[in-house]
Amino acid sequence: MAHQDQPQKTQLSYQLIKTSTAATIGGSCMVLSGLTLAGTVIALVVATPLLVIFSPVLVPAAITVFLAASGLVASGGFGVSAVSVFLWLYKYVRGQHPVGADRLDRARDKLTGKAMEVKERAAEQIGTRGTQG
């Protein structure tokens, strides 16, 4: 009988260790969270008068920094887009068949067909006007 009690005691001790570890880590996180909240509130109370005093300078500075940063991010995005478009065009011209090349070829063929139709109709219209006049 003592042999069967051993696995239960071992499992119970593992569960006890898991529970105490989870409680310790959870409690530590709660304490750190509370300290962070208290520090944030104290910093806000101290900084609010300074923000009010310096707001005529800080607000335009913050707007300028935001606009400059967004401009840099936008130009970087446009640069990446341009490089990817040039890479796609390079592959297309080299005949490597990039993604979407078949759709581009179909659209080109449709446009060429419509352009030929318009040209033929224009030639017919000019031909009928010449015979009427």
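The model is a predicted one, so local features need pLDDT of at least 70 and side-chain atom pairs count only at pLDDT 80 or more, while totals for chains, interfaces and linings use all residues. Residues are numbered from 1 along each chain as its sequence is written, and side-chain values use heavy atoms, with hydrogens and water left out.

Asp 105 sits in helix α2, and its side chain meets that of Arg 108 in a salt bridge, at 3.4 Å from N to O. The term here stands for a side-chain nitrogen of Lys or Arg within 4 Å of a carboxyl oxygen of Asp or Glu, and by this rule the count comes to 1 salt bridge. Both partners belong to helix α2 (residues 101-132), 3 residues apart, or about one turn of the helix. Arg 108 counts as partly exposed too, because its relative accessibility is 43%. Looking back along the chain, Asp 105 and Gln 8 are 97 residues apart in sequence, and their C-alpha atoms are 72 Å apart in space.

As for secondary structure, the protein has 2 helices and 0 strands. These are DSSP runs, numbered from the N terminus, with helices as H or I of at least four residues and strands as E of at least two. In the loop between α1 and α2 lies His 97, whose phi is near 55°, a positive value in a residue other than glycine. His 97 counts as exposed because its relative accessible area is 52%.

Helix α1 covers residues 2-93 and holds Leu 50. Leu 50 counts as partly exposed because its relative accessibility is 46%. Together with Leu 51, Ile 53, Phe 54 and Leu 58, Leu 50 forms a nonpolar patch on the surface, with about 480 Å² of accessible area in total. Patch members need over 30% relative accessible area and no salt bridge; like charges are joined within 9 Å, and nonpolar side chains (Val, Leu, Ile, Met, Phe, Trp, Tyr) within 5 Å. Accessible areas come from the Shrake-Rupley method with a 1.4 Å probe, and for residues only the protein chains shown count as cover.

An unreviewed UniProt entry annotates residues 21-54 and 66-90 as "transmembrane region"; such annotations may be inferred rather than shown by experiment, and feature names are shortened, with positions given in the numbering used here. In the model, residues 21-54 are 100% helix and 0% strand, with end C-alpha atoms 48 Å apart. The span 66-90 is likewise 100% helix and 0% strand, and its end C-alpha atoms lie 36 Å apart.

Now for the overall shape. The radius of gyration is 37 Å, whereas a compact globule of 133 residues would have one near 14 Å; the value is taken over C-alpha atoms, and the globule rule is 2.2 Å times the number of residues to the power 0.38. Along its principal axes, the C-alpha trace spans about 115 × 70 × 30 Å. The protein is divided into domain 1 (11-51) and domain 2 (99-132), with bounds from an automatic or database domain assignment, and the C-alpha centres of the two lie 73 Å apart.

Methods: Buried means under 20% relative accessible area, exposed over 50%, partly exposed in between (1.4 Å probe, protein chains only).
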